[in-house]
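Hi everyone, thanks for coming. Let me put the structure up, and then I'll walk you through a few parts of it.

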Amino acid sequence: MDNLLQQLLNGVTWGSIYALIALGYTMVYGVLRLINFAHGEVYMIGAMSGFYVARALGLGSEPSVGGLVLVLGASMVICGLLGATIERVAYRPLRSAGRLAPLITAIGVSLFLQNAGQLVFGADPKFFPQLLRSREVFRAGQVAVSNIQLTVLVTALLLMGALEFIVQRTRFGRAMRAVAYDAPAAALMGVPVDRVISGTFVLGSMLAAAAGILVGLSNPKIEPLMGLMPGLKAFVAAVLGGIGSVPGAMIGGLLLGVIETLVTGYLSSTYRDAIAFVILVLILLYRPTGLFGAPQTEKV
Amino acid sequence: MKAGRWLPLAGALLALAGLHWLAPLFLNAYYVTILARIGIAIVAAVSLQLVNGFTGQFSIGHAGFMALGAYASAAFSVYWGAGILDSLGDGPLARVLYFPFPLVCGGLVAAAAGLVVAVPALRLRGDYLAIATLGAGEIIRIAILNVDAVGGARGFSLASSSYPAVDLRFDSLAGVYGVAALTILAIARLLYSGGGLAFRAVREDETAAESLGIATTRVKVEAFLVASFFAGVAGALFAHSEGYIHTNSFSFVRSFELVAFVVLGGLGSLSGAVIAAATLTAAPELLRGLGEWRMVLYAMLLIATMILRPQGLLGQRELWPIGRKHGAPRSS
């Protein structure tokens with residue numbers, strides 16, 4: 001029982017990271033109907049820029065909450081700019097070219113960031129500086145909660161809350177929902193569609209950056225290809241929740257994290273990667289719009 | 001039969017013979033490997049073009065079927081093939097007679113898996129279908145990774161432990177390009193025959209095609225089945241020309257690469273897929289002089305080409321009227 005609780009806790013922690021990345025996929029899909037395959041690489045750049053910022057400021061030697069916030073903020077700004085640049089360079093010129101051409105440029109950007117990453121950062125793994133000294137916060141029975149797990153969970157929840165606020169309560173959020181609902185109509189109503197799309201990329205990339213930093217805290221080995229698998233899994237999480245749905249991505253991410261951890265804990269770790277795709281195929285066959293997606297009717 | 005119809009066949013055989021005898025004289029092993037990889041990429045790209053470009057169903061899990069073909073054919077060769085080849089005498093003629101077996105075996109296994117994936121998955125449309133094929137491809141890869149009889153995470157070598165003297169590798173470029181030519185011909189005949197219009201009708205408008213009496217589900221499954229068969233053949237060629245395979249070669253990254261071939265070549269153009277597959281396979285090698293920068297430049301080229309020519313190199317045109325009967329209507 002205690003073991004199960006511990007596994008659940010680990011799963012929720014890992015799942016909240018998936019959820020942060022999945023949000024970027026789902027928001028971009030919402031406004032652009034594009035699967036942004038370069039999103040996993042933005043998460044990698046988030047972790048990498050956190051590493052360099054922390055090193056430049058010498059934060060690794062003295063763990064502190066202030067340092068963590070600083071690194072988190074810097075990395076989110078860097079990735080926000082990166083997201084806007086990617087959209088401007090690789091997707092905007094293809095806005096009228098159908099849906100497959102941007103998919104290929106997305107793959108191109110992903111390849112570019114991986115290889116440029118290997119060139120600039122080096123292909124060998126780096127060790128993320130210890131921004132928080134790991135210690136146990138409390139223990140109930142055999143279940144131990146570390147301050148790192150707590151930080152990951154609280155940060156992720158705060159960011160998701162902030163996002164929910166932006167999407168539901170601000171002018172920008174309303175514009176974003178309008179573009180997702182019907183872009184041409186939104187443009188007719190005076191919504192600056194291009195700027196909204198750009199802003200969506202900035203938001204999504206900032207969340208991916210945060211995910212990168214949080215992963216660096218709990219799992220310090222980072223390298224230029226680290227975005228590949230988590231990126232794809234987060235995408236599965238977005239589909240699980242219903243692609244295009246913001247709460248769906250959050251729940252989908254948490255669920256996927258918990259399921260993966262349980263499979264690793266109770267079955268076998270070699271099937272850990274497969275389970276995500278089995279879930280993907282099952283959900284697509286039985287409920288293609290995901291847990292929270294609205295069903296679409298096809299008009300002739 | 002007119003003499004004119006035999007001319008291309010004779011020319012093709014002559015070219016293959018030339019490739020077989022002359023290539024080893026003028027090219028070192030490195031170039032032969034690259035040329036073989038290009039031939040294999042062509043087989044895979046042309047087969048994917050049938051599904052993605054002509055039937056309008058978007059699959060991004062093609063590498064999974066290549067993996068099945070590669071592993072099935074390699075297992076065939078390692079467990080039975082070495083014995084068969086040994087008893088055939090291991091001469092040049094024996095090799096020519098033997099190699100169709102693993103290739104067809106790989107193709108059939110991949111086609112069977114293609115059927116299993118296609119029947120439920122093709123109910124889905126657009127992005128959802130694409131995502132499902134991506135998932136299916138990864139499931140296949142991870143499943144193979146967990147089968148110890150084909151090496152699991154160690155990879156799988158064609159060297160057979162019971163017949164160590166028998167070389168199972170496919171050493172002739174003529175074989176690879178012969179198979180590539182047959183693949184192009186088969187798919188072109190399928191597409192540009194009268195019945196081939198059904199594929200394009202489904203691509204243009206599924207509902208309209210159905211209302212005209214086209215069994216759209218059957219057409220889609222057929223396209224998927226044929227494409228996965230040839231993907232399996234491509235995998236089998238890969239296994240037998242490299243001599244060692246690992247599931248890492250068949251990840252979704254490989255599937256994406258194949259999708260890039262068909263989109264960049266032009267969705268709906270077989271010759272476009274051939275050109276894109278050849279160019280993009282050769283490009284990282286041609287750029288080798290740039291050292292570490294080559295893959296960065298390759299990615300930039302991919303993005304730039306797509307932005308400059310979003311419809312792909314050839315759009316829906318063909319460079320030559322392959323597979324069309326004389327007088328058959330041209331599609332444009």
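One definition before we start: two residues are in contact if their C-beta atoms, placed from the backbone, lie within 7 Å. Please also keep in mind that this is a predicted model.

Let's begin where chain A meets chain B. The contact takes 31 residues from chain A and 31 residues from chain B. On the side of chain A that touches chain B, α4 (100-121), α9 (228-241) and α11 (272-286) each supply at least two residues. Which helix gives the largest share of that side? That would be α4(A), with 12 residues. Sorted by class, this side of chain A has 25 nonpolar, 5 polar and 1 charged residues.

Now over to chain B, and helix α13, residues 294-308. What covers them?

Last stop, a helix pair within chain A. The axes of α5 (residues 147-169) and α8 (residues 193-218) come within 10 Å and cross at roughly 175°. Angles over 145 degrees count as roughly antiparallel, and α5(A) and α8(A) are therefore roughly antiparallel to each other. Among the residues making this contact are A:Leu159 and A:Leu163 of α5(A), and A:Leu207 and A:Leu214 of α8(A). By class, the contact has 10 nonpolar, 3 polar and no charged residues.

How values were computed
Residues are numbered from 1 along each chain as its sequence is written. Chains are lettered from A and ligands numbered from 1 in the order in which they are written. This is a predicted model: local features need pLDDT of at least 70, side-chain atom pairs count only at pLDDT 80 or more; totals for chains, interfaces and linings use all residues. Helices (H or I, at least four residues) and strands (E, at least two) are DSSP runs, numbered from the N terminus. Ala, Val, Leu, Ile, Met, Phe, Trp, Tyr, Cys and Pro count as nonpolar, Asp, Glu, Lys and Arg as charged, and the others, Gly among them, as polar. The expected span of a helix is 1.5 Å times one less than its number of residues. Axes are lines fitted to C-alpha atoms, for helices over the stretch in contact, and angles run from 0 to 180 degrees between N-to-C directions. Angles under 35 degrees count as roughly parallel, over 145 as roughly antiparallel, 65 to 115 as roughly perpendicular and the rest as oblique.
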